[in-house]
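Try each task yourself before you read the solution.

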Amino acid sequence: MSAWYQHLPGTPNPAPLRKSNTEAWPSYRNSTAWKDLEFCPVAFSELHLIAHHLPIVVVDCGNGPEVMLDLRRQKIVKSPIDSTGAWTLHYMPLALRLLPFGASESGEQHRLIDLQMGEDEARSNTEGAALRKTLAQYAQGRKRLSMIAKTLIERGYLLPRNKGQDYRINMKMASRVDVATGGAVPFQLLVIMLFSQKNLIIAPDTMGFPLPVEQYKEGGHETELDLKDFLVDGSSILF
(Lines give C-alpha, C1' and ligand atoms only; values in the text may rest on other atoms or scores of the structure.)
Protein backbone atom coordinates (compact mmCIF):
# COMPACT_ATOMS: atom_id res chain seq x y z
CA MET A 1 0.00 0.00 0.00
CA SER A 2 1.20 3.50 -0.76
CA ALA A 3 1.34 5.94 2.13
CA TRP A 4 -2.11 7.18 3.13
CA TYR A 5 -1.25 10.80 2.31
CA GLN A 6 -0.65 9.97 -1.35
CA HIS A 7 -4.41 10.39 -1.74
CA LEU A 8 -4.14 14.06 -0.78
CA PRO A 9 -3.81 16.78 -3.48
CA GLY A 10 -0.40 17.30 -5.04
CA THR A 11 2.54 14.96 -4.62
CA PRO A 12 3.09 15.07 -0.86
CA ASN A 13 6.30 13.63 0.55
CA PRO A 14 7.61 13.72 4.12
CA ALA A 15 10.51 16.02 4.98
CA PRO A 16 12.30 16.32 8.34
CA LEU A 17 11.09 19.08 10.62
CA ARG A 18 13.20 22.24 10.58
CA LYS A 19 12.72 25.66 12.10
CA SER A 20 12.14 27.08 8.63
CA ASN A 21 9.21 24.78 7.88
CA THR A 22 7.49 25.08 11.27
CA GLU A 23 7.16 28.85 11.42
CA ALA A 24 4.12 28.94 9.13
CA TRP A 25 1.49 26.51 7.87
CA PRO A 26 -1.94 26.64 6.23
CA SER A 27 -5.28 26.01 7.91
CA TYR A 28 -7.47 23.19 6.59
CA ARG A 29 -10.50 23.92 8.72
CA ASN A 30 -12.71 24.40 5.67
CA SER A 31 -10.78 22.19 3.28
CA THR A 32 -12.39 20.10 0.53
CA ALA A 33 -9.28 18.01 -0.07
CA TRP A 34 -10.40 14.75 1.53
CA LYS A 35 -12.54 13.21 -1.21
CA ASP A 36 -9.96 10.62 -2.35
CA LEU A 37 -8.87 9.48 1.11
CA GLU A 38 -9.13 5.73 1.73
CA PHE A 39 -7.44 5.56 5.12
CA CYS A 40 -6.40 8.02 7.79
CA PRO A 41 -4.22 7.44 10.85
CA VAL A 42 -6.00 7.39 14.17
CA ALA A 43 -4.43 8.99 17.24
CA PHE A 44 -4.02 7.00 20.44
CA SER A 45 -6.05 9.56 22.39
CA GLU A 46 -9.11 9.43 20.11
CA LEU A 47 -9.61 5.66 19.79
CA HIS A 48 -12.70 5.49 22.00
CA LEU A 49 -14.44 8.50 20.46
CA ILE A 50 -13.85 7.72 16.80
CA ALA A 51 -14.81 4.02 17.17
CA HIS A 52 -18.44 5.13 17.50
CA HIS A 53 -18.37 6.64 14.00
CA LEU A 54 -15.79 4.86 11.82
CA PRO A 55 -14.21 1.40 11.61
CA ILE A 56 -10.69 1.09 13.00
CA VAL A 57 -8.44 -1.29 11.09
CA VAL A 58 -4.82 -2.36 10.93
CA VAL A 59 -3.22 -1.82 7.54
CA ASP A 60 0.03 -3.19 6.15
CA CYS A 61 1.85 -0.12 4.88
CA GLY A 62 5.11 -1.76 3.87
CA ASN A 63 7.27 -0.56 6.75
CA GLY A 64 4.99 -2.11 9.33
CA PRO A 65 1.37 -2.27 10.47
CA GLU A 66 -0.47 0.98 11.07
CA VAL A 67 -3.73 1.55 12.95
CA MET A 68 -6.04 3.48 10.64
CA LEU A 69 -9.57 4.73 10.12
CA ASP A 70 -11.22 3.02 7.16
CA LEU A 71 -12.72 5.74 4.94
CA ARG A 72 -13.45 3.62 1.85
CA ARG A 73 -16.96 4.57 0.76
CA GLN A 74 -17.80 1.07 -0.47
CA LYS A 75 -16.97 -0.39 2.94
CA ILE A 76 -18.50 1.91 5.53
CA VAL A 77 -22.06 2.70 6.59
CA LYS A 78 -21.72 6.47 6.36
CA SER A 79 -18.83 8.36 4.84
CA PRO A 80 -17.62 11.39 6.81
CA ILE A 81 -16.68 13.02 3.48
CA ASP A 82 -19.30 14.56 1.21
CA SER A 83 -19.32 14.74 -2.59
CA THR A 84 -17.34 18.00 -2.59
CA GLY A 85 -14.53 16.49 -0.53
CA ALA A 86 -15.43 18.30 2.70
CA TRP A 87 -15.22 16.57 6.08
CA THR A 88 -18.75 16.50 7.53
CA LEU A 89 -18.34 14.52 10.75
CA HIS A 90 -18.40 16.87 13.72
CA TYR A 91 -15.11 15.47 14.99
CA MET A 92 -12.08 15.69 12.70
CA PRO A 93 -9.22 13.22 13.33
CA LEU A 94 -6.04 14.68 14.76
CA ALA A 95 -4.04 13.41 11.76
CA LEU A 96 -6.03 15.70 9.46
CA ARG A 97 -5.97 18.65 11.85
CA LEU A 98 -2.19 18.41 12.12
CA LEU A 99 -1.55 18.54 8.38
CA PRO A 100 0.84 19.37 6.78
CA PHE A 101 2.62 17.84 9.79
CA GLY A 102 2.52 14.20 10.70
CA ALA A 103 4.36 11.18 12.00
CA SER A 104 5.24 7.75 10.67
CA GLU A 105 4.37 4.43 12.27
CA SER A 106 7.84 4.48 13.83
CA GLY A 107 7.17 7.84 15.49
CA GLU A 108 9.32 9.98 13.18
CA GLN A 109 7.91 13.50 12.87
CA HIS A 110 7.74 15.21 9.48
CA ARG A 111 6.16 17.88 7.35
CA LEU A 112 4.54 16.93 4.04
CA ILE A 113 5.99 19.02 1.24
CA ASP A 114 4.33 19.63 -2.14
CA LEU A 115 0.94 19.26 -0.49
CA GLN A 116 -1.48 21.44 -2.45
CA MET A 117 -3.92 22.60 0.18
CA GLY A 118 -3.50 26.34 0.57
CA GLU A 119 -0.98 29.04 1.35
CA ASP A 120 1.05 29.06 4.54
CA GLU A 121 0.02 31.42 7.31
CA ALA A 122 2.58 32.89 9.71
CA ARG A 123 2.22 31.51 13.23
CA SER A 124 2.98 32.94 16.65
CA ASN A 125 5.51 31.47 19.06
CA THR A 126 2.63 30.20 21.18
CA GLU A 127 1.10 28.36 18.23
CA GLY A 128 4.47 26.91 17.32
CA ALA A 129 5.03 25.59 20.84
CA ALA A 130 1.54 24.07 20.92
CA LEU A 131 2.18 22.39 17.56
CA ARG A 132 5.46 20.85 18.70
CA LYS A 133 3.90 19.52 21.90
CA THR A 134 0.86 18.02 20.14
CA LEU A 135 2.95 16.58 17.33
CA ALA A 136 5.33 14.91 19.79
CA GLN A 137 2.43 13.28 21.65
CA TYR A 138 0.83 12.19 18.37
CA ALA A 139 4.10 10.67 17.13
CA GLN A 140 4.60 8.77 20.37
CA GLY A 141 1.05 7.40 20.12
CA ARG A 142 1.51 6.37 16.48
CA LYS A 143 4.59 4.36 17.39
CA ARG A 144 2.83 2.75 20.33
CA LEU A 145 -0.19 1.77 18.24
CA SER A 146 2.05 0.21 15.59
CA MET A 147 3.81 -1.85 18.27
CA ILE A 148 0.45 -2.98 19.68
CA ALA A 149 -0.72 -3.98 16.18
CA LYS A 150 2.46 -6.03 15.72
CA THR A 151 1.69 -7.86 18.96
CA LEU A 152 -1.85 -8.71 17.80
CA ILE A 153 -0.49 -9.99 14.48
CA GLU A 154 2.29 -12.03 16.10
CA ARG A 155 -0.19 -13.66 18.50
CA GLY A 156 -2.61 -14.51 15.70
CA TYR A 157 -5.46 -12.17 16.64
CA LEU A 158 -5.11 -10.35 13.30
CA LEU A 159 -4.67 -12.21 10.01
CA PRO A 160 -3.76 -10.92 6.53
CA ARG A 161 -6.54 -11.02 3.97
CA ASN A 162 -6.18 -12.88 0.69
CA LYS A 163 -6.99 -9.56 -0.99
CA GLY A 164 -6.82 -6.05 0.40
CA GLN A 165 -4.44 -4.10 2.57
CA ASP A 166 -6.09 -4.40 5.96
CA TYR A 167 -5.92 -7.31 8.37
CA ARG A 168 -8.99 -9.24 9.43
CA ILE A 169 -9.81 -10.15 13.01
CA ASN A 170 -9.38 -13.82 13.84
CA MET A 171 -12.79 -14.37 15.43
CA LYS A 172 -11.88 -17.81 16.78
CA MET A 173 -8.95 -16.33 18.65
CA ALA A 174 -10.93 -13.26 19.72
CA SER A 175 -13.65 -15.42 21.26
CA ARG A 176 -11.04 -16.94 23.58
CA VAL A 177 -9.07 -13.80 24.34
CA ASP A 178 -8.63 -12.74 27.94
CA VAL A 179 -6.62 -10.09 29.71
CA ALA A 180 -3.98 -12.59 30.69
CA THR A 181 -3.24 -14.19 27.32
CA GLY A 182 -3.97 -11.13 25.18
CA GLY A 183 -2.01 -8.57 27.10
CA ALA A 184 -3.86 -5.63 28.62
CA VAL A 185 -3.32 -2.91 26.01
CA PRO A 186 -3.41 -5.16 22.89
CA PHE A 187 -6.60 -6.67 24.28
CA GLN A 188 -8.14 -3.23 24.67
CA LEU A 189 -7.29 -2.24 21.10
CA LEU A 190 -8.76 -5.49 19.81
CA VAL A 191 -12.05 -4.82 21.63
CA ILE A 192 -12.18 -1.27 20.26
CA MET A 193 -11.61 -2.60 16.73
CA LEU A 194 -14.40 -5.16 17.19
CA PHE A 195 -16.77 -2.49 18.47
CA SER A 196 -15.95 -0.14 15.58
CA GLN A 197 -16.98 -2.77 13.02
CA LYS A 198 -20.57 -1.74 13.54
CA ASN A 199 -19.68 1.03 11.07
CA LEU A 200 -18.98 -1.44 8.25
CA ILE A 201 -21.64 -2.05 5.60
CA ILE A 202 -21.15 -5.79 5.79
CA ALA A 203 -19.67 -6.60 9.16
CA PRO A 204 -18.81 -9.99 10.63
CA ASP A 205 -21.12 -11.29 13.33
CA THR A 206 -19.60 -9.06 15.96
CA MET A 207 -22.63 -7.09 17.12
CA GLY A 208 -23.34 -8.37 20.59
CA PHE A 209 -20.36 -10.67 20.13
CA PRO A 210 -19.40 -11.72 23.68
CA LEU A 211 -15.78 -11.82 24.70
CA PRO A 212 -15.81 -14.19 27.65
CA VAL A 213 -13.08 -13.27 30.05
CA GLU A 214 -12.66 -16.56 31.87
CA GLN A 215 -11.51 -16.43 35.42
CA TYR A 216 -11.46 -12.62 35.30
CA LYS A 217 -12.76 -11.36 38.58
CA GLU A 218 -13.52 -7.87 39.79
CA GLY A 219 -14.45 -7.42 43.40
CA GLY A 220 -14.71 -11.18 43.78
CA HIS A 221 -17.32 -11.59 41.01
CA GLU A 222 -16.82 -13.18 37.61
CA THR A 223 -17.71 -10.89 34.73
CA GLU A 224 -18.42 -11.25 31.04
CA LEU A 225 -17.52 -8.67 28.45
CA ASP A 226 -20.29 -7.65 26.04
CA LEU A 227 -19.40 -5.29 23.20
CA LYS A 228 -22.79 -3.55 23.20
CA ASP A 229 -22.16 -2.01 26.60
CA PHE A 230 -18.41 -2.13 26.95
CA LEU A 231 -17.60 1.02 25.01
CA VAL A 232 -20.69 3.12 25.59
CA ASP A 233 -18.62 5.12 28.03
CA GLY A 234 -15.09 5.90 26.90
CA SER A 235 -13.96 5.60 30.48
CA SER A 236 -14.61 1.85 30.36
CA ILE A 237 -11.06 1.36 29.14
CA LEU A 238 -8.25 3.45 30.49
CA PHE A 239 -4.89 3.66 28.77
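**Exercise 1.** Which residues lie nearest the centre of the second largest pocket, and how many residues line the pocket?

*Solution.* Keep in mind that you're looking at a predicted model.
Step 1: count the lining, and you get 21 residues.
Step 2: look towards the centre, where Lys75, Arg161, Asp166, Leu200 and Ile202 lie nearest.
Step 3: find the elements that give two or more residues to this lining; they are strand S4 (56-60) and strand S10 (167-169). The largest share, three residues, is from S10.
Step 4: sort the lining by class, which gives 11 nonpolar, three polar and seven charged residues.

**Exercise 2.** Now do the largest pocket: what is its volume, and which elements give two or more residues to its lining?

*Solution.* Step 1: the space in the largest pocket comes to about 430 Å³.
Step 1: helix H2 (94-98) and helix H3 (125-154) are the elements that give two or more lining residues.
Step 2: the lining has 17 residues, with Trp25, Ser27, Arg29, Arg97 and Leu98 nearest the centre.
Step 3: by class, 11 of them are nonpolar, two polar and four charged.

**Exercise 3.** Why is S4 largely enclosed by the rest of the structure, and which strand is joined to S4 by five bridges?

*Solution.* Step 1: buried means under 20% relative accessible area. Four of the five residues of S4 are buried, so S4 is largely enclosed.
Step 1: follow the five bridges, and you reach strand S5 (residues 65-70), which runs antiparallel to S4.
Step 2: pick Ile56, and you'll find its bridge partner, Leu69, in S5.
Step 3: check the hairpin, which has four residues between the strands; Gly62 takes a positive phi near 95° there.

Terms used: Residues are numbered from 1 along each chain as its sequence is written. This is a predicted model: local features need pLDDT of at least 70, side-chain atom pairs count only at pLDDT 80 or more; totals for chains, interfaces and linings use all residues. Side-chain values use heavy atoms; hydrogens and water are left out. On a 1 Å grid over the protein atoms alone, a cavity is a set of points where a 1.4 Å probe fits but cannot get out, and a pocket is an open set with protein on both sides within 12 Å along at least five of seven lines; lining residues have an atom within 4 Å of a point. Grid points are joined across faces, edges and corners, and a volume is the space filled by probe spheres set on the points. Ala, Val, Leu, Ile, Met, Phe, Trp, Tyr, Cys and Pro count as nonpolar, Asp, Glu, Lys and Arg as charged, and the others, Gly among them, as polar. Buried means under 20% relative accessible area, exposed over 50%, partly exposed in between (1.4 Å probe, protein chains only). Two strands pair if DSSP finds at least two bridges between them.
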